[in-house]
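Let's take a walk through this structure together, one chain at a time.

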Amino acid sequence: MTTDNHTPETVISVKQLVTHYGMRKILDGVDMDVKRGEIRVIMGGSGSGKSTLLWHILGLYEPTKGEIELLGQNIHQINFNDNLKLKQNIGVSFQSGALFSSMTVGENVALPLREFTDLDENTIRIISRMKLEVVNLGGFHKLMPAQLSGGMIKRAALARAIVMDPKLLFFDEPSAGLDPVVASEIDDLILSLRDTMGMSMVVVTHELDSAFKIADKITVLDNGKNLITGTVEEIQQSDNKRVMDLLQRRSRHDKLNPSEYLKRLTQENYTLS
Amino acid sequence: MWSYQAIERVGFAIRLFWDSFYWLIIGRRYQQKIRLRQVVEQVRVNGFDALPIVMTLAFVVGMMLSIQLLYALSDFGAESQVLLAIAKSVTREFSPLITGVIVAGRSGAAIAARIGSQVVSQEVDALKVIGIVPVRYLVLPPLLGLMISMPLLVVSADVMAIFGGAIFSVSKLDMSISAYMVESFNVLIVGDVMQGLIKSVVFGVIIVLVGATTGFHVTGGAEGVGKATTSAVVISISFIVLADMIASYFLTQ
């Protein structure tokens with residue numbers, strides 16, 4: 001189901017995406033194309049719009065303007081059945097894991113299989129345990145999410161995300177809040193999933209080490225705009241000031257002059273010019 | 001602003017009700033089937049588990065009615081009418097109302113807290129991206145569960161309230177408890193019991209819709225969940241009392 005104006009390799013296409021929260025413009029004409037088998041990392045400072053972009057790609061929010069196509073289908077124009085089939089080709093690993101707290105780890109992983117396949121319970125159990133083995137959580141299927149550590153929750157969420165063998169996999173801050181060793185394990189898992197299962201992935205992160213390790217291409221967002229898209233080398237060699245600030249972890253704020261600072265503190269209706 | 005929000009919430013609740021039955025009827029066609037196991041679990045949690053407290057309070061209310069009515073009717077030498085008064089008032093009014101208030105406190109709060117915490121922890125978003133319609137998965141099972149369990153709870157409350165009335169009244173009426181119970185059931189007509197049962201189903205629907213609506217609108221993390229829980233109980237009870245008055249008017253015409 002690819003449209004004429006797409007090369008077959010493009011699996012995610014975002015065109016001129018604009019969105020607002022109330023009066024505030026969060027995304028301002030973002031474009032992005034992700035090819036089959038590619039790991040695309042979306043980076044940017046806090047409030048740059050990277051998570052918002054992800055939620056729009058997943059269809060959780062309606063944009064003000066723009067188009068999003070996943071696997072050649074415009075997500076805002078397809079009917080319920082096609083949308084359902086599309087969702088079975090998508091896996092998402094949320095920042096918090098978003099595991100269902102009332103279910104065991106095994107039940108969480110098995111849920112998509114139970115809902116959307118006619119497999120018998122025995123097969124569902126075997127497949128979900130296989131996926132838990134893939135993320136190094138073999139034997140943990142009977143635990144409740146509350147009994148898992150942060151890294152284990154992320155891995156269990158990843159097992160649930162890949163249980164239907166999706167073509168597209170999305171991650172929101174996969175290594176946030178994890179120690180460097182566990183974060184590196186998650187990065188290795190992402191690479192191994194791409195290499196073994198050929199999935200295309202979009203990873204939202206602000207962890208530079210992680211981004212440079214896993215990315216085929218990086219898109220840097222700033223104030224809701226696509227600042228630059230390129231390979232790891234192209235990003236590292238960029239002479240764009242905002243990109244350099246991000247890579248060198250420099251504060252984005254210019255030094256305030258004292259009178260401006262005083263105005264900010266004292267004027268009731270002060271707004272940034 | 002407040003009234004706009006209230007209207008928006010009422011509209012949201014009506015939409016939830018509509019969507020629930022839409023998915024109940026056509027869900028199987030779109031891989032959104034309702035699982036019997038989930039509904040049975042909701043009947044257990046919201047109905048069976050509430051049985052001890054509903055029956056206990058119904059018993060106490062029956063006894064209290066007996067005390068008050070015997071005192072009031074003695075002025076007219078009409079103590080013998082206490083049996084009729086208790087049987088009718090309990091089945092038509094008190095049992096569904098007490099059951100509604102108790103279930104609103106238990107299940108309404110639980111539904112709001114559960115959905116609210118699932119919104120906060122992105123579990124609802126996870127359902128959406130998996131392809132599961134949240135209304136079908138989170139609202140329909142408790143809705144069906146309460147529509148089944150509320151009438152059962154009310155019938156239990158009817159029996160216990162009449163029994164409570166019997167315990168206090170029999171000595172004054174010079175009757176045995178079994179004779180009092182049999183006579184109470186004899187004076188009741190089908191319409192009396194039906195009125196209570198119809199109300200109980202309406203109250204069950206109100207409890208689930210209010211709980212789910214407040215739960216889906218939670219913002220602000222754990223504090224928001226706490227506020228939603230309190231709101232769900234207060235709003236449910238208010239709507240139950242209002243619906244009771246409206247239903248009483250139409251069902252007694």
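In chain A, the centres of domain 1 and domain 2 are 26 Å apart, taken over C-alpha atoms. Keep in mind as you look that this is a predicted model. Domain 1 of chain A is assigned to residues 10-89 + 166-266, and domain 2 of chain A to residues 103-165. Where the two domains meet, domain 1 of chain A supplies 11 residues and domain 2 of chain A supplies 10 residues. Which element gives the most to the domain 1 side of that contact? It is helix α6 (residues 180-197) of chain A, with 5 residues. The side of domain 1 of chain A that touches domain 2 of chain A is made up of 9 nonpolar and 2 polar residues, with no charged ones.

Now step back to chain A as a whole. Its secondary structure consists of 10 helices and 10 strands. With a radius of gyration of 20 Å, close to the 19 Å from the globule rule for 273 residues, chain A is as compact as a globular protein of that length. Along the principal axes, the C-alpha atoms of chain A fill a box of roughly 70 × 45 × 40 Å.

The box filled by the C-alpha atoms of chain B is roughly 70 × 40 × 35 Å along the principal axes. Between the chains, 12 residues of chain B are in contact with 17 residues of chain A.

How are the helices of chain B packed? Two packed helices are described by the angle between their axes and the distance between the axes. Start with helix α3 (residues 51-74) of chain B and α4(B), whose axes come within 10 Å and cross at roughly 140°. The crossing of α3(B) and α4(B) is right-handed. On the α3(B) side the contact includes B:Ile53, B:Leu57, B:Val61, B:Leu65 and B:Leu69, while the α4(B) side includes B:Val82, B:Ile86, B:Val90, B:Phe94 and B:Ile98. By class, this contact of α3(B) with α4(B) counts 16 nonpolar and 5 polar residues and no charged ones.

Helix α4 (residues 82-120) of chain B also meets helix α7 (residues 177-187) of chain B, their axes coming within 9 Å and crossing at roughly 60°. That angle makes α4(B) oblique to α7(B). The crossing of α4(B) past α7(B) is right-handed. From α4(B) come B:Leu83, B:Leu84 and B:Ala87, and they meet B:Tyr180, B:Glu183, B:Ser184 and B:Val187 of α7(B). The contact of α4(B) with α7(B) comprises 5 nonpolar residues, 1 polar and 1 charged.

Finally, turn to helix α6 (residues 134-173) of chain B and helix α8 (residues 190-216) of chain B, whose axes come within 8 Å and cross at roughly 145°. Is this crossing left-handed or right-handed? α6(B) passes α8(B) in a right-handed crossing. Residues of α6(B) in the contact include B:Val139, B:Leu143, B:Met147, B:Met150 and B:Asp158, and among their partners in α8(B) are B:Leu197, B:Val201, B:Phe203, B:Gly204 and B:Val208. Sorted by class, the residues where α6(B) touches α8(B) are 15 nonpolar, 3 polar and 1 charged.

Conventions
Residues numbered from 1 in each chain as written. Chains lettered and ligands numbered in written order. Predicted model: local features only at pLDDT ≥ 70, side-chain atom pairs only at ≥ 80, totals over all residues. Axes fitted to C-alpha atoms, helices over the stretch in contact; angles between N-to-C directions. Helix = DSSP H or I, 4+ residues; strand = E, 2+ residues; numbered from the N terminus. Parallel < 35°, antiparallel > 145°, perpendicular 65-115°, else oblique. Left-handed = near helix turned anticlockwise from the far one by under 90°. Contact = placed C-beta atoms within 7 Å. Nonpolar A, V, L, I, M, F, W, Y, C, P; charged D, E, K, R; others polar. Domains from an automatic or database assignment. Rg over C-alpha atoms; globule rule 2.2 N^0.38 Å.
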